[in-house]
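Biologist: I have a model open and want to learn how to read it. Take me through its features one at a time, please.

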Amino acid sequence: MARILEGAYGDSYNVRMTFVNVLYGYALLPLYYLFPKISWYYIGEVIGVFISFTVISYVIIKKVGPQWGTIISFLIVACFARDFYLTLQFTQCAAALGAAGMLLFVYGIDGGFSQKKILALAFILILWGYCMRNDAFLMGLPFLAFIMLFYIKKLYTYRYRFLLCITVVLLGLCGAKYFNEIHYSAPEYQTYLNFQPTRVMLGDKTNYDKDAVYEELEESGMYGEDYSLLQNWIFYDKENFAPDSLKRFTDKIAKYTYPLKWSENPLKVLYRFDLSLSYPCCWAFCFVGLLLLCLNGRRSLYMWGAFFIVLAEMSYLLYMMRLVYRVETGLWLYASVLAIPLLKGFRPISRRLLLAVMGMCFVVYTVNFFYTHSFIHSNANGHFLNVSRQESLKSDYQTVFRYMDSLPENTVFLMPMDTYHIFSRCIQPLYLSSPIGSWKRMVSFGFWTPYFPDVENALKQYGVENPMRDVVKENVVVIANDEFLLDYLHRHYYENVKVDTLREMGTVKFFKYFE
């Protein structure tokens, strides 16, 4: 999304980021014009997360008091900070903003809707979270609806103010949705938009019998090997894999989709919850639950309700096989944060004891960070990633980028999605923007960029009409780990196609296909 906004695929900035509302792009454009070398998309995400956790800490201190509130906010933020700062992704940013906005809204309800600045900031954060990713924002609504049940009397008392606030929020969200949709109404975006459901089914959908699909394709005279390529996000072929022709694959995927078996889902959810207990984001929920039980036992019912909402959403996502770690952290954040308005104050303690508790928390966190600073959770599966290995990888790839720069300027580099991902992480620091047009020469066979107008126009500038067919052109080089296209080209386009290895650098190989 950042590279699209920064115009890396085209000739100017482009606010149409597919998953992120265009309002976010328009808000950042003035900063890009003033300071074009800074990646304001990434900086905006970091600022959004920082504001969110600052708001969460503020409400905790207001509800519990400055002494214990400081300690509690430190512990809760510490549980989420590493995931939300070190492996930041727009889905997590949306969840953080949404949770902070909903928390402020409930806090405003608690104050009788009299704090206009609080409600205004809540509206801004809610709208911001919705713009970052509406799906991540919407998954917090069940928690908001549930917590408002505890304020039903107050909502009735201030029902007109409540209805006014809800109306303003709904108008803002609907307006943002409409404003975003009209930006994709141009004819050049229709092929791209129509392809997205197919892309999702081929690349993301996994809750079906893959072996049965492969076997039926083989029996019906179609190539099972083509289906294997599609599974690996290799589908940027405008003839053989044209959006309309892919229906022969998606129909069979739909045919062999697993039926929803509610009897099996509870076991899967419990297994996943058992895994969640090893994550700090789940610890935060348990910690808030204990606080609520000790301080406001009557309202500890919220924790049980929030827990079952988490399990219900996890159950649905597990069935869809779309429960990734960045989404799960968002669920636990919503569940934890929206319990804060129900907290009550502790008894005051001496300053010396307060400093001792704060010092102990700080020491424990610092020691933990010292021993684990080289590892972060992957926002995809939650597994630990070695940060030092990632930094070493960036250094190794600088040789690859220098070799690419040494080739003629009209050279186009086509690559699988995994290679493309690595390039995006290693080519430059996250806080620096990509110069306009700098990614025109690098195109993925998969991902969500195929058929995007900026990418299509860039390919045309280099004489490439159909990426997977035109790899034999003189100015096209394929970067991959192996010669995965050779058999495919034999099957569909060229009887005598051959391939040479131009350069090999570790696992990265530069291939030249020719007839």
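Biologist: Start with A81. Is A81 buried or exposed?

Modeller: Buried means under 20% relative accessible area, exposed over 50%, and partly exposed in between (1.4 Å probe, protein chains only). A81 has a relative accessible area of 14%, so it is buried.

Biologist: Before going on, what kind of model is this, and how are residues numbered?

Modeller: It is a predicted model: local features need pLDDT of at least 70, side-chain atom pairs count only at pLDDT 80 or more, and totals for chains, interfaces and linings use all residues. Residues are numbered from 1 along each chain as its sequence is written, and side-chain values use heavy atoms, with hydrogens and water left out.

Biologist: Where is A81 placed, and which residues does A81 touch?

Modeller: Helices (H or I, at least four residues) and strands (E, at least two) are DSSP runs, numbered from the N terminus. A81 sits in helix α4 (residues 66–86). Contact means heavy atoms within 4.5 Å. Not counting residues up to four places away in sequence, A81 touches L86 and Y365. A81 and F50 are 31 residues apart in sequence, and their C-alpha atoms are 9.4 Å apart in space.

Biologist: Now the whole chain. How many helices and strands does the protein chain have?

Modeller: The protein chain has 23 helices and 7 strands. Its radius of gyration is 25 Å, close to the 24 Å that the globule rule gives for 515 residues, so the chain is as compact as a globular protein of that length. That radius is taken over C-alpha atoms, and the rule is 2.2 Å times the number of residues to the power 0.38. Along the principal axes, the C-alpha atoms fill a box of roughly 80 × 50 × 45 Å.

Biologist: Which residues touch the most other members of the largest nonpolar core?

Modeller: A nonpolar core is a set of buried Ala, Val, Leu, Ile, Met, Phe, Trp, Tyr and Cys residues joined through side-chain atoms within 4.5 Å. The largest has 176 residues, and Y41, F143, Y302, F423, V471, L485 and Y513 touch the most other members. Helix α5 (residues 90–110) gives the most to this core, with 15 residues. Another core, of 5 residues, lies apart from it; I71, I349, L354 and C361 are among its members.

Biologist: Which residues does V471 touch?

Modeller: Not counting residues up to four places away in sequence, its partners include L414, F445, L485 and Y513.

Biologist: Next, charges. How many salt bridges does the structure hold?

Modeller: Side chains of opposite charge can pair when their charged atoms come close. A salt bridge is a side-chain nitrogen of Lys or Arg within 4 Å of a carboxyl oxygen of Asp or Glu. The structure holds 13 of them.

Biologist: Which side chain meets E216 in a salt bridge?

Modeller: K255 does, at 3.2 Å, N to O. E216 lies in helix α12 (residues 210–219) and K255 in helix α14 (residues 247–255), so the pair ties together parts that are 39 residues apart in sequence. E216 counts as buried at 18% relative accessibility. K255 counts as exposed at 53%.

Biologist: Where do D226 and R491 lie?

Modeller: Their side chains meet in a salt bridge (2.6 Å, N to O). D226 is in helix α13 (residues 224–231) and R491 in helix α23 (residues 486–492), 265 residues apart. D226 is buried at 2%, and R491 is partly exposed at 23%.

Biologist: Last, backbone angles. What is phi of Y451?

Modeller: Most residues other than glycine have a negative phi. Y451 is not a glycine, yet has a positive phi of about 75°. Y451 lies in the loop between β4 (442–444) and α22, and is buried, with a relative accessible area of 6%.
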